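Hi,

Here is the structure I promised to pass on.

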Amino acid sequence: MFLPVVEPWFALEALDPTILKITEPHTDPLIRANLFLVRGRERDLLIDGGNGIVPLRPFLSSRLTKPVVALCTHAHVDHVGAIHEFEERLVHPLEAEALAHPAGDESLFFEDFPLAFRQMLQRIGYRDVPPLMITALPDLAYDPGSYRLVPTPATRLVDDGDVVETGDRHFEVLHLPGHSPGQIGLFEPRTGILFGGDAIYDGTLLADGPGMSLGAYVRTLERLLALDVTVVHGGHGASFDRLRLHDLCRDHLARWRA
Ligand SMILES: [Zn+2]
Ligand SMILES: [Zn+2]
């Protein structure tokens, strides 16, 4: 199969003067997760690390002028790839093991994904997924078969109620299990900004695959409905407002309860 070579691998978009969104446009949407860089007064906060197909830090280097705190919303392959490139690495205790010791069977070929995960996609009527998860190569010599995650020990464990701060901004850690046992979000009470990870994004939420819990997810969406949110920056797709958040939560709750 012919794949074009693209450079740079990442795309960058400024959501506002202080929040950059980074994506990997040449990955299949199933694994095309969002990364966010929040510029703080004393340190920058990186939320999630993408797939780790190519290093992130060289791409960001000219934009990094402060120490970086890298937070992983959960340890799924599409969110952890670049976390190891940073000195400070935050994750929930229930995801720390998977982050530190990846299974070693990570793959860009869909047929290698866990059977239970592929069966879940089929069950919920997810669109057909192509055999290969990338639509371009980061360089001519890149071998998709060589893809693996780098073991990433956390330097700080964070749980519900903890605060992650950048000097001028304070984000509250919300434990939002369901999609993953140690899934967390970051909420800034002053602005109502929520970084939702895979607990909430504008798309089909994945709730009953391996390691997932529908019961916990129901409680997570109920909690999000009661939160004073203005904007959600989710783990996948475009950002959205509170009205859309409520639609997404109610739609999924109705479907799951049926
Ligand atoms: Zn994801
Ligand atoms: Zn996930």
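Let's start with one pair: Leu-46 stands opposite Ala-70 in strand 5. Before going on, a word on the ground rules: this is a predicted model, in which local features need pLDDT of at least 70 and side-chain atom pairs count only at pLDDT 80 or more, while totals for chains, interfaces and linings use all residues. Residues are numbered from 1 along each chain as its sequence is written, chains are lettered from A and ligands numbered from 1 in the order in which they are written, and side-chain values use heavy atoms, with hydrogens and water left out.

Helices (H or I, at least four residues) and strands (E, at least two) are DSSP runs, numbered from the N terminus. Two strands pair if DSSP finds at least two bridges between them. Strand 4 (residues 44–47) and strand 5 (residues 68–71) run parallel, joined by four bridges. Strand 3 (residues 35–38) runs antiparallel to strand 4, with three bridges between them. Phe-36 has Ile-47 as its bridge partner in strand 4, and the hairpin that joins strand 3 to strand 4 goes through five residues.

What covers strand 4, one face or both? Both: Asp-44 and Leu-46 on one side, and Leu-45 and Ile-47 on the other, are all buried. Here buried means under 20% relative accessible area, exposed over 50%, and partly exposed in between, with a 1.4 Å probe and protein chains only.

Now for the metals. Donors are N, O and S atoms within 2.8 Å of the metal (3.2 Å for Na, K and Ca), and water is not among the atoms, so sites may look incomplete.

The zinc ion (ligand 1) is held by Asp-78 (OD), His-79 (NE2), Asp-198 (OD) and His-236 (NE2), at 2.1 to 2.6 Å. Its donor atoms subtend angles of 88 to 156°, which makes the arrangement irregular. For the cut-offs: four donors count as tetrahedral if all angles lie between 85 and 135 degrees; four count as square planar and six as octahedral if opposite donors are over 155 degrees apart and all others between 65 and 115; anything else is irregular. Along the sequence, the donor residues of this ion are spaced D-H-x118-D-x37-H. Asp-198, in the loop between strand 11 (193–197) and helix 5 (214–225), and His-236, in the loop between strand 12 (231–234) and strand 13 (240–241), link distant parts of the chain, 38 residues apart. Both Asp-198 and His-236 are buried.

The zinc ion (ligand 2) has His-74 (NE2), His-76 (ND1), His-179 (NE2) and Asp-198 (OD) as its protein donors, 2.1 to 2.2 Å away. This site is irregular too, with angles of 87 to 176° among the four donor atoms. The spacing of these donors along the chain is H-x1-H-x102-H-x18-D. His-179 sits in the loop between strand 9 (170–175) and strand 10 (184–188), and Asp-198 in the loop between strand 11 and helix 5, so the two tie together parts that are 19 residues apart in sequence. His-179 counts as buried because its relative accessibility is 3%.

Which residue bridges the two zinc ions? That is Asp-198, and the ions lie 3.4 Å apart.

Three bridges connect strand 8 to strand 9, and the two run antiparallel. In that pairing, Val-163 stands opposite Glu-172 in strand 9.

That is what I have so far. Happy to go through any of these parts with you.

Best wishes
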